[in-house]
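I opened a new notebook page for this structure. My plan is to write down what I look up, one entry at a time.

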Amino acid sequence: MSKQLFERPTITRLTPGVPSKHGAASVIAPMPLIDGVKVDDLIDQFGSPLYIFSEREMRKSMEEIKRAFSVRYHKTQMAWSYKTNYLDSICRIFHQEGSWAEVVSGFEYDKAIKNGVKGENIIFNGPGKSASDLEKAARNGSFIHIDHMDELFLLSDICNSKEIEARVALRVNMDIGINPRWDRFGLNYENGEAWDAINRIMINPRLKLMGLHTHIGTYMMSTDSYRIAATKLADLAYNISVKFEYYIAYIDLGGGFASRNTLKGAYLSGEDTTPSFDEYAEAITSALINSRIRPDKLPTLILETGRAIIDNAGYLAGTVIANKRLSDGKRATIIDIGVNILFTAFWYDHKIHPVNSHSGLVEETAIFGPLCMNIDVVRSSLMFPALKRGDRIVITKTGAYNITQSQQFINLRPAIVLIGINRQVHVIRQAEILDDIVKNELIPDYLA
Ligand SMILES: *Cc1c(COP(=O)(O)O)cnc(C)c1O
């Protein structure tokens, strides 16, 4: 008998479906309709993939959040966070619902003006405002939220040399009991920097202090953090009233309320764990009402909620390209939606529904996009039914940040449609064409 050849041992990780506490199988409901409109028809008409927005969902979320605050506090003002989704049609729906605009760049500022927002209804945040941005905002009477001392000095310089005045507020960062701390924006509460800036603004006759602002983070699950933030801003407002006998017009608690999406690695679904608007409203308004500010001088409460009022209203529909088996036997399904148009796939375990009915049998599956790039993973592992090439799917809760952060990469970006209240479908941005990509390119003569 001849000696057998030596074979190097290898270790292969087996990845059977990880059972949840309800067992291994999960029910995946088909989603043939969005707001009563057939997804199949939408894809036939406008192509795949396709972003879809529901006007009904948007207005419903706005009503819910406005109600949660207005029943608890005498004066609340919403300001739509442009960077969360600055499609003009989306912004205009929120403006129709009474929202001001909250912008973080000169480009967003100009977009808000083009959408018909009055200068005095624009809140200008962000660390990167240029001198010309600041001058324009000051002349228009917008609320300029000072992010750092250099900006305060630049703005007072502009106001002095141009002999104009500016309405300002101070962005404040603070310890809200959460790590890591968001202390890179605004001036700090605990170390006295914020108070120093307030004093500088108050003695400058060209700067009018209108409010105090904070934006404590995004997808904040803790209502207590908002209670702490509101308490600290109210405390500053009270100290201003004592020292200067001056009452600020507003306290702005920024955005950051969590949407119903599920964060990667979270044990429970976001639908079960994220606080309701009522819970956020309770924490914030009780902090303001119970502060030392005189009741008749309580400021307007401004909210810049983005994610929580648009995420649920957005869908991304697409098509299965292929199925294959990975080397460990796990099934992989390739779809025509890549992470370049679904940026939030990096943070969320997005829910994916087949459009039409399926066998009901699920298997552990990885869902990949069409990009020739290893990072293009929509879901690394979920229990999913076997779909065939050409079958369609809908990814839900994609309304926040995916449009504004999408990149043209490898593929052209898809069309965006809005389903109106009356179920009429409107294209609100056309699919990209090659010309859109090359129109700003220039070719030197010798390459022509
Ligand atoms: C991004 C941002 C918002 C909106 O945040 P969401 O988490 O989407 O609610 C509000 N205010 C400021 C200053 C922001 O930068």
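How many residues of domain 1 are in contact with residues of domain 2? I found 28 residues of domain 1 in contact with 26 residues of domain 2. I note that the model is predicted.

Entry on the domains. I looked up the bounds and found that domain 1 covers 33-53 + 312-438, while domain 2 covers 55-311. I then looked up the centres of domain 1 and domain 2, taken over C-alpha atoms, and they are 33 Å apart.

Entry on the ligand site. I looked up where the ligand sits, and the place is the second largest pocket. I listed 16 residues around the ligand, and Lys83, Thr218, Gly256, Glu304 and Tyr401 come nearest. I sorted the shell around the ligand by residue type and got one nonpolar, 10 polar and five charged residues.

Entry on polar atoms. I looked up Glu304 again, and a polar side-chain atom of Glu304 is 2.6 Å from a nitrogen atom of the ligand. For Thr84, I found a polar side-chain atom 3.4 Å from an oxygen atom of the ligand. Gly306 has a backbone N or O atom that lies 2.9 Å from an oxygen atom of the ligand. Last, I looked up the cover: on its own the ligand has 390 Å² of accessible area, and the protein covers 95% of that area.

How values were computed:
Residues numbered from 1 in each chain as written. Predicted model: local features only at pLDDT ≥ 70, side-chain atom pairs only at ≥ 80, totals over all residues. Heavy atoms only, no water. Near = heavy atom within 4 Å. Polar contact = N/O pair within 3.5 Å; in protein donor to acceptor, adjacent residues only side chain to side chain. Areas by Shrake-Rupley, 256 points an atom, 1.4 Å probe, with all protein chains shown as cover. 1 Å grid on protein atoms, 1.4 Å probe; cavity = no way out; pocket = protein on both sides within 12 Å on 5 of 7 lines; lining within 4 Å. Sits in = over half its atoms within 2 Å of the grid points. Nonpolar A, V, L, I, M, F, W, Y, C, P; charged D, E, K, R; others polar. Domains from an automatic or database assignment. Contact = heavy atoms within 4.5 Å.
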